[in-house]
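Here are some notes to read alongside the model. Have the sequence and the 3D view open as you go through them.

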Amino acid sequence: MKKAILFLLTLFFVTSFGQKIQFKTTLKVTYNASLQLGEKFRREQQFVLIGNSRDYYFSGYHNYLSDTDQDGKQTKKSGVSLSIADYLEERILKSDGITNIFGKYGDSKFRYEENTDVRWVLYSDTKVINGVKCQMAATNKYGRRWIAYFSKEYSQSLGPYKFNGLPGLIFELYDTRDDYHFTVAKVEKDENNYEFNLKGYKKLSKKDFFKATYNLEYTLAAFPPIDDSDFRKQTQEILDKKKIMNNNPLELKPFE
């Protein structure tokens with residue numbers, strides 16, 4: 001039985017917090033996704049979900065390969081594999097009813113915990129996805145109206161991102177604006193033991209997590225002091241353009 005380990009760097013923001021999460025998976029799901037990250041910035045990306053009926057890990061494909069040490073690339077002495085960045089950096093890790101959302105931003109790593117219970121309404125509408133009959137459900141979450149199609153043929157109550165709680169695996173999930181659209185590409189049997197070590201991630205409230213990541217991505221906070229005022233202005237203008245490109249987050253209302 002193989003064992004995949006999530007290797008993490010010890011960071012500038014190291015705290016005394018140490019936590020290991022272990023669980024055994026029953027399946028691996030690959031999702032193809034279309035992401036409208038900004039008004040003129042749409043990208044395609046693959047995501048991977050591994051888990052059982054209660055516990056799961058969800059991330060972009062390249063982050064998954066890196067986190068489980070499968071990317072086959074040169075590895076730093078610290079044990080962290082180099083990988084291509086995913087457009088949605090955050091990883092989702094749920095175990096024993098607690099959901100951790102964590103991600104790396106420059107040389108800083110943060111996480112927060114959240115209750116991700118979703119209230120679904122089931123409908124009689126059905127459709128066939130990849131040869132599997134699925135039933136429709138809907139919910140309002142994070143400032144969007146979400147439509148899901150799930151299959152009772154797969155008993156795992158799992159789905160993309162933080163969306164779970166249906167009586168079966170979610171095969172398709174999208175918001176009514178079709179900004180974020182996830183569709184199952186492959187479902188595989190996966191019976192492995194995984195251990196995730198969250199030591200080195202600074203735990204924040206969700207509000208502070210969003211504030212910290214915003215500052216690191218769109219302000220000069222992540223840069224060393226810049227004495228040249230013209231260069232500082234030019235750098236901020238580049239960051240402002242980046243912010244415009246990414247002005248349509250999945251969670252329009254993070255606290256809804």
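1. Is E89 buried or exposed? At 17% relative accessibility, E89 counts as buried, where buried means under 20% relative accessible area, exposed over 50%, and partly exposed in between (1.4 Å probe, protein chains only). You'll find E89 in the loop between α1 (61-67) and β6 (91-95). Leaving out residues up to four places away in sequence, E89 touches N63, F102, G103, K104 and Y105; a contact here means heavy atoms within 4.5 Å. From E89 to G103 is 14 residues in sequence and 5.8 Å in space, C-alpha to C-alpha.

2. A word on the ground rules. This is a predicted model, so to speak: local features need pLDDT of at least 70 and side-chain atom pairs count only at pLDDT 80 or more, while totals for chains, interfaces and linings use all residues. Residues are numbered from 1 along each chain as its sequence is written, and side-chain values use heavy atoms, with hydrogens and water left out.

3. Now the overall inventory. The protein chain has three helices and 15 strands; helices (H or I, at least four residues) and strands (E, at least two) are DSSP runs, numbered from the N terminus. Of the 256 residues in the protein chain, 49% are buried. Take the contacts between residues at least 6 apart in sequence: 60% of them join residues at least 24 apart.

4. On to the sheet. Strands of a sheet pair through backbone hydrogen bonds, either parallel or antiparallel. Here twelve strands form an open sheet with mixed pairing, in the order β9-β10-β11-β12-β13-β3-β4-β5-β6-β7-β8-β15; two strands count as paired if DSSP finds at least two bridges between them. The edges are β9 (121-129) and β15 (202-203), each of which pairs on one side only. S151 stands opposite L169 in β12.

5. Helix α2 (residues 206-218) lies across β7 (98-105) and β8 (108-114), and runs at about 155° to β8. Axes are lines fitted to C-alpha atoms, for helices over the stretch in contact, and angles run from 0 to 180 degrees between N-to-C directions.

6. Which residues have the most contacts inside the largest nonpolar core? They are Y31, F58, W120, F163, I170 and F182, in a core of 46 residues. A nonpolar core is a set of buried Ala, Val, Leu, Ile, Met, Phe, Trp, Tyr and Cys residues joined through side-chain atoms within 4.5 Å. Strand β3 (residues 27-38) gives the largest share of this core, six residues. There is also a second, separate core of 13 residues, with V48, Y64, F196 and Y201 among them.

7. Not counting residues up to four places away in sequence, W120 touches A137, A138, T139, A148, F163, N164, G165, L166, I170 and L173. Ring pairs also link W120 with Y142, W146, Y161 and F163 into a cluster.

8. The structure holds 17 aromatic pairs. Rings of Phe, Tyr and Trp (its six-membered ring) pair if their centres lie within 6.5 Å; planes under 30 degrees apart count as stacked, over 60 as edge-to-face and the rest as tilted. F58 and F182 have ring centres 6.3 Å apart and planes at 70°, so this pair is edge-to-face. The pair links distant parts of the chain, with F58 in β5 (residues 56-60) and F182 in β13 (residues 180-189), 124 residues apart. F58 is buried at 2% relative accessible area, and F182 is buried at 1%. For Y194 and F196, the centres are 6.2 Å apart and the planes at 15°, so the pair is stacked.

9. Two lysines sit over rings. K127 lies over the face of Y149, at 4.8 Å from the ring centre, and K206 over the face of F255, at 5.7 Å. The test is that NZ of Lys or CZ of Arg is within 6 Å of the ring centre and within 35 degrees of the ring normal.

10. Last, a backbone detail. D178, in the loop between β12 and β13, has phi near 60°, a positive value in a residue other than glycine. D178 counts as partly exposed, at 33% relative accessibility.
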